Amino acid sequence: MSRQNIGYDIEGRSPEGDSVCIEVKSVDYPGQPFTLTSNEEAVARQKGRAYRLALVRQTNTHIEVAFIADPI
């Protein structure tokens, strides 16, 4: 979805069945700063709790994913 410039990468459903929009950001270490584009921020404000941020960190042995609901 990111090539379409719609402000998020993945459309999906929460465990409760609600529609969610997920923006994926890769980080190298916990606490690393990252940036939302102005478009991502605008869409996050519009979607509210339906917008999720997925912070992904890959190590030599595994992948960690942390989800942040309504990141604004």
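Modeller: Of the 72 residues of the protein chain, 31% count as buried, meaning under 20% relative accessible area, with exposed over 50% and partly exposed in between (1.4 Å probe, protein chains only). This is a predicted model, where local features need pLDDT of at least 70, side-chain atom pairs count only at pLDDT 80 or more, and totals for chains, interfaces and linings use all residues. Residues are numbered from 1 along each chain as its sequence is written, and side-chain values use heavy atoms, without hydrogens and water.

From the N terminus on, the order is β-β-α-β-β. Along its principal axes, the C-alpha trace spans about 35 × 30 × 20 Å. Among contacts (heavy atoms within 4.5 Å) between residues at least 6 apart in sequence, 40% join residues at least 24 apart.

Asp 18 counts as partly exposed because its relative accessibility is 47%. Setting aside neighbours within four places in sequence, Asp 18 touches Gly 12 and Arg 13. Further along the chain, Ala 50 is 32 residues from Asp 18 in sequence, yet their C-alpha atoms are 7.7 Å apart in space.

Conventions:
Helix = DSSP H or I, 4+ residues; strand = E, 2+ residues; numbered from the N terminus.
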